[in-house]
Amino acid sequence: MSPDTLTPARTAPDAAAAKPGALARARRRTLLLIAAAAVLLVLMAGVALSTGQVSIALPDALRALFGFGSASDVLVVREFRAPRVLSAVVAGAGLAVAGSLLQRLFRNPLASPDVIGVTGGASFGAVLLLATGASQALTPLAALGGGLLAAALLGAFAWRSRMAVTRLVLVGLAVQAGLAAAVNLMIVRFPAELAGQALQWTTGSLYGRTWPELWGAGGAIAAVTAAVFLADRRVAVLDLGDDSAGGLGVDPHRTRLGLLLLAVVLASLAAALAGPVGFVALAVPHLVRLLAGPPTPLALALTALTGALLLTGADHLVLHVLPVHGLPVGAVTATLGAPWLLALMIRQGRPPQRSSR
Amino acid sequence: MSATPAPRSAAARQVSLLAAGLGALALCAALSLVLGSRSIPLATVVDALSGTAHGADADVVVGLRVPRTVIGIAVGAALGAAGAVAQGVTRNPLASPTTLGINAGAGFAVVTAIFALGLSHPLQYVWFAVAGATGAALLVYGMARRSGDLDPVRLALGGTVLSAVLASWTSALMLASRRTLDEARFWLAGSVGGRSLDGLYQVLPLLAVGVLLALLVAPALNALALGDETAQALGVPVARIRVLGGLAVVLLAAGSVAVAGPVAFIGLAAPHLVRPLLGNDHRVLVPGCLIAGPVLLLLADVLGRLVARPSEIEVGIVTAFLGAPLLAVLTRKAAAR
């Protein structure tokens, strides 16, 4: 199958994009947005590296990142700040891409790893690992296992409905509730020390990330994100509808299952790094769709950048702007994301006819 | 359901089923008094209750298990009735006090009070829990209001989102102070053990008014089930019934969360258990849930005491474990329809 034949068909429903000029304009706008987001992200990361208890000038901080400058600067930047900032970048991008993929697969802006219980499963895995007292380096694996467990539960309950979205969301809430009860049980049983750590996990926090964690989970996130970009063509074929996809030689069910698995793995890994940070996966793809129009590989890149920017920004807010210390970043993203989600749900969930006005 | 030749026999069937439910409730209460980290023979329990037996076992029964069972019955009844009314008012079989953000509101208010005021006893939490539950309910109500009427879809969605936000704020507060974490995590799990009857007495007026309101709006909920327009044509003041029903839900849910902490899924499960037995008539459904709620709660509590002997699992955690698959199954049924 040639990709060129697919591009017009994919955007066909969009009346404005049917004009050749409009397509080029949308492309140019997306490119511009990508450039802006990239610049902002670099700036944001630079600011994050240079601010803290010890303030380091931006050029010095950047030099220290590569091992030059005073030894104390290098220590602070490379050992404490860089892993945290990079974790925010990688986890934010991973969550946003996973959310975007899920929303496209289900053709519904409400489908997201938080809503269907995958990130909850990941934090269950991480907390379970905490409970056994095993090495923290295994956290990504545990989170991945938990995410896959949640996905398996979800599949077992929702499979026969061919993944109808409303049902999936509700079953996801149920899975989430069960796993949350398990986490809650551990929090009640743990000594206070571990309970605090577990709670931090389940709210989403970037506190105390280290290089080994970043290498493990971050590397895997990068690999899976690359796989998502490579699979974009197949997602586009699925966008045409199951019948057309079948006609083009793509088995819709097998393909969708594979892509779903990618999304689940990606979201679980991101949660391994940052915890189940709420609403990023849900809000970012929607925002990008608003700004950049119908999904393209370029828009997906913009999604990744925006997710990274959002999480980095929220973490900066938590660390340096808000007066309260030690806030988990998930509390901020939830506070920012909730009104957004509500507006979205109300617009979408309006029943077709309501009488008695 | 079996063929019912005449309405009179249907009523007789309902009455006998309600009586059977009361029997089941008595059985569950007996189990709750007998079973625990240490089983106490029924004869000793009876003697302890009548005041003729003394000693360690009698002290356990009178001092711990009787309050626990009484609180379990009151909380279960309140949650069951609240669930039935919530589902009737929103016309949504998945509505429950939990879904409407009431538990999360109570949790956030209590944790804030522990954090800011340094409270350390569940008895002090009662009115904060009531205030938080009411505040959350009012907020969700405000979000769901549309031209003087309640939009059921907005109600459920608003509750879910508000719960998510309040939960994250709650854990932020608990992370900010170790003392708060230590105090709050046990309360937040939801339990009827180790609570004193004094807490129940404080909220008893709320629960009583709530039950009364629930029974009062029950007949109108039948009309509401036919759709707003039909109900209006039948002369039912739809908006007023929604407000009164909502008030009943808030009073019942707030009162129960104040006594026992957040206990999930009882409000959701009780109506679904009662409906196949007694039918959809709210005049029977609400009393049925007043019985089914405590049955479920006591069973879950006894189960929590048995599986982890000699320790125990909080009833809120047990109901969440059992309720999750239930919600999944209910969803499957709702989708099949």
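1. Start with Arg256(A), which counts as buried because its relative accessibility is 15%, below the 20% cut-off for that label. Bear in mind that this is a predicted model. Arg256(A) sits in helix α12 of chain A, which runs over residues 252-274. Setting aside residues up to four places away in sequence, Arg256(A) touches Leu105(A), Arg107(A), Leu238(A) and Asp242(A).

2. Now for chain A as a whole. There are 15 helices and zero strands in this chain. Of its 357 residues, 54% are buried. Among contacts in chain A with a separation of 6 or more, 76% join residues 24 or more positions apart. As for the surface, chain A exposes about 15600 Å², and 68% of that comes from carbon and sulfur atoms.

3. What does UniProt say about chain A? The unreviewed entry puts the annotation "transmembrane region" on residues 31-49, 85-103, 115-134, 141-159, 165-190, 257-284, 296-314 and 326-346. Take two of these stretches and look at the model. Residues 31-49 of chain A are 100% helix and 0% strand, with end C-alpha atoms 27 Å apart. Residues 85-103 of chain A are also 100% helix and 0% strand, and their end C-alpha atoms lie 27 Å apart.

4. Next, the empty space. Rolling a probe the size of a water molecule over the atoms shows where empty space is left. Searching the whole structure turns up seven cavities of 30 Å³ or more. The largest cavity holds about 120 Å³ of space. Which residues line the largest cavity? The lining is made up of Ser100(A), Arg104(A), Asp232(A), Pro285(A), Val288(A), Arg289(A), Gly293(A), Pro295(A), Thr296(A), Ala299(A), Leu300(A) and Thr303(A). Three helices of chain A, α4 (71-105), α13 (280-292) and α14 (297-321), each give at least two residues to that lining.

5. On to chain B. Here the unreviewed UniProt entry gives "transmembrane region" for residues 100-119, 125-143, 155-176, 203-226, 247-272, 284-303 and 315-335. Again, a couple of these can be set beside the model. Residues 100-119 of chain B are 80% helix and 0% strand, and their end C-alpha atoms are 27 Å apart. For residues 284-303 of chain B, the span is 100% helix and 0% strand, with 28 Å between the end C-alpha atoms.

6. Helix α10 of chain B (residues 238-260) is worth a look for its length. Is α10(B) enclosed or open? It is largely enclosed by the rest of the structure, because 17 of its 23 residues are buried. Just past the end of α10(B), Gly261(B) takes a positive phi of about 85°.

7. Last, Leu213(B), in helix α8 (residues 197-224) of chain B. This leucine counts as buried because its relative accessibility is 12%. Beyond its neighbours within four places in sequence, Leu213(B) is in contact with Leu244(B), Leu247(B), Ala248(B) and Leu251(B). Where does Ala248(B) lie relative to Leu213(B)? The two are 35 residues apart in sequence, yet their C-alpha atoms are 5.6 Å apart in space.

Methods:
Residues are numbered from 1 along each chain as its sequence is written. Chains are lettered from A and ligands numbered from 1 in the order in which they are written. This is a predicted model: local features need pLDDT of at least 70, side-chain atom pairs count only at pLDDT 80 or more; totals for chains, interfaces and linings use all residues. Side-chain values use heavy atoms; hydrogens and water are left out. Helices (H or I, at least four residues) and strands (E, at least two) are DSSP runs, numbered from the N terminus. Buried means under 20% relative accessible area, exposed over 50%, partly exposed in between (1.4 Å probe, protein chains only). Contact means heavy atoms within 4.5 Å. Accessible areas come from the Shrake-Rupley method with a 1.4 Å probe; for residues, only the protein chains shown count as cover. UniProt positions are given in the numbering used here, feature names are shortened, and annotations may be inferred rather than shown by experiment. On a 1 Å grid over the protein atoms alone, a cavity is a set of points where a 1.4 Å probe fits but cannot get out, and a pocket is an open set with protein on both sides within 12 Å along at least five of seven lines; lining residues have an atom within 4 Å of a point. Grid points are joined across faces, edges and corners, and a volume is the space filled by probe spheres set on the points.
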